[in-house]
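Colleague: Please put the model up. I want to go through the labels and ask what stands behind each one.

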Amino acid sequence: MTSTDSARTVLAGLDGMRHDLEDFYRDLHEHPELSHQEARTASKVADRLRAAGYDVTTGVGGTGVVGVLHNGDGPRVLLRADMDALPVQEATGLDYASNVVATDASGDTVPVMHACGHDVHVACLATAAALLAAGRDQWSGSLVVLFQPAEEVGDGARGMLDDGLQQVVGSVDVAHAQHVLAMPAGIVVTRSGSVFAAANSMRVTVHGRGAHGSMPQAAIDPVVLAAMIVIRLQTIVSREIAPTEPAVLTVGAIRSGTKSNVIGDSAVIELNVRTYNDRTREGLLNAIRRIVTAECAASDSPKEPEFELYDEFPPTVNDDATTELLAAAFADFFGDDAQELPLQSASEDFSDIPTALGIPYSYWGIGGTDPDAYAVAAQAGRVSADIPVNHSPFFAPVIQPTLDRGVQALVVAALTHLGKDE
Ligand code: ZN
Ligand code: ZN
């Protein structure tokens, strides 16, 4: 028996669970919950884990759920799924589309959608957990399945750690997580080293002097000041960072003024940066502060600008040895569908958990896009234009083979460590 044989034996049970897997996925998709509000999802997950025989701890870091299954001597493996959805108005037209609205952290009423596919992650991990429990004669060791809140705001993993996650899971040897991506459904992709970027959001407030729109000489116009800053910020990545070093700076929001004939007295710029190492990140953030301060001086701004950092994500850097094992197991199980994951500019807070536990990890991706639609777009050179990506209101993973692949990948990954080689 190899670990691939064990995986095939455990996964033979998937045929009997596929209907339930797909129903659970559609139910989650139709009932998305914002970050830190994943109560319904958490309760459904906890029920399923208890029914499968796991020791379940709920309410870890808010809505986090941890299931532990001890099954003899051997390695201790952690598998993680994130549970939260986004404030996006769904436009997929699916018959299980979300009509949910909720109150966000600032008290605003917003539409809610599983626009990042975390419903795929939850349904797949709950099903993989049940299959591994039912097939426990195929492996030996301990399995920890972790359902995390609030990935989208970057503090769900830290929240679980701050709430005593280490005591709940005990000692663990290795951790894995997966994400559904806008790639052809059916493929499973791994990568050694850097996978996801670190992300930092920054809120910049600059000050002017308000006046009548007809009397600019009496004003210091914060709209013009902010516009200059937005343009000048584009030169950091293009002119200050080496072309071989990936980095992104996006100004996602700019707010100032109330009326066409009133010059306001301040402007707020909200921006986001993505980098792959600390040196580049610090260089980029320092350049932003320098440019904003200098543009404020150039405009004769009456007050120093203010800088506030928020929504911080760590970089995700896969362990080489763990990823080699995983890639070999995926190649064995999935054949040509096991491919290499290109470097991603998105970010994840999963790595906070293995980093705090001091253990290696490997994070992989699964495709979720209709392979035919993807092939048509690729043929026309229009993948970026035509294929909805994560966070798009049109992001709609095809149910199969996406869900099967998500379950299979989790089981194969777990058994890479836990499987009995005889
Ligand atoms: Zn997301
Ligand atoms: Zn996501």
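Colleague: Why does C296 count as buried?

Modeller: Buried means under 20% relative accessible area, exposed means over 50%, and partly exposed is in between (1.4 Å probe, protein chains only). C296 has 4% relative accessibility, so it counts as buried.

Colleague: What should I know about the model before we go on?

Modeller: This is a predicted model: local features need pLDDT of at least 70, side-chain atom pairs count only at pLDDT 80 or more, and totals for chains, interfaces and linings use all residues. Residues are numbered from 1 along each chain as its sequence is written, chains are lettered from A and ligands numbered from 1 in the order in which they are written, and side-chain values use heavy atoms, with hydrogens and water left out.

Colleague: How many disulfides are there, and by what rule?

Modeller: A disulfide is a pair of cysteine sulfur atoms within 2.5 Å. By this rule the count is zero.

Colleague: Which residue bridges the two zinc ions, ligand 2 and ligand 1?

Modeller: C116 does, and the ions lie 3.0 Å apart.

Colleague: Are C116, H118 and H179 buried or exposed?

Modeller: C116 has a relative accessible area of 7%, so it is buried. H118 is at 0%, and therefore buried. H179 is at 6%, and therefore buried as well.

Colleague: What makes a space a pocket rather than a cavity?

Modeller: Both are found on a 1 Å grid over the protein atoms alone. A cavity is a set of points where a 1.4 Å probe fits but cannot get out. A pocket is an open set with protein on both sides within 12 Å along at least five of seven lines. The largest pocket here has a volume of about 1600 Å³. That volume is the space filled by probe spheres set on the points, which are joined across faces, edges and corners.

Colleague: Which residues that line the largest pocket are the closest to its centre?

Modeller: L86, E152, R274, F313 and H391, out of 46 lining residues. A lining residue has an atom within 4 Å of a point. Elements that give two or more residues to the lining include β10 (198-207), β12 (248-256) and β14 (266-275).

Colleague: How do you know that the largest pocket lies between domain 1 and domain 2?

Modeller: Domain 1 (3-194 + 315-418) and domain 2 (198-312) both give residues to its lining, so it lies between them. The domain bounds come from an automatic or database domain assignment.

Colleague: How many residues of each class does the lining of the largest pocket have?

Modeller: There are 22 nonpolar, 15 polar and nine charged residues. Ala, Val, Leu, Ile, Met, Phe, Trp, Tyr, Cys and Pro count as nonpolar. Asp, Glu, Lys and Arg count as charged, and the others, Gly among them, as polar.

Colleague: H391 came up at the pocket centre. Why is H391 called partly exposed?

Modeller: Its relative accessible area is 39%, so the in-between label applies. H391 sits in the loop between α12 and α13. Phi of H391 is near 80°, a positive value in a residue other than glycine.

Colleague: What is the phi of D300, and why is D300 called exposed?

Modeller: D300 is not a glycine, yet its phi is positive, about 60°. Its relative accessible area is 57%, so D300 is exposed. D300 is in the loop between α8 (278-298) and β15.

Colleague: Which residues does the cis peptide bond join?

Modeller: Q400 and P401, with omega about 10°. P401 lies in the loop between α12 and α13 (402-418).

Notes
Helix = DSSP H or I, 4+ residues; strand = E, 2+ residues; numbered from the N terminus. Donors = N, O, S within 2.8 Å, 3.2 Å for Na, K, Ca; no water.
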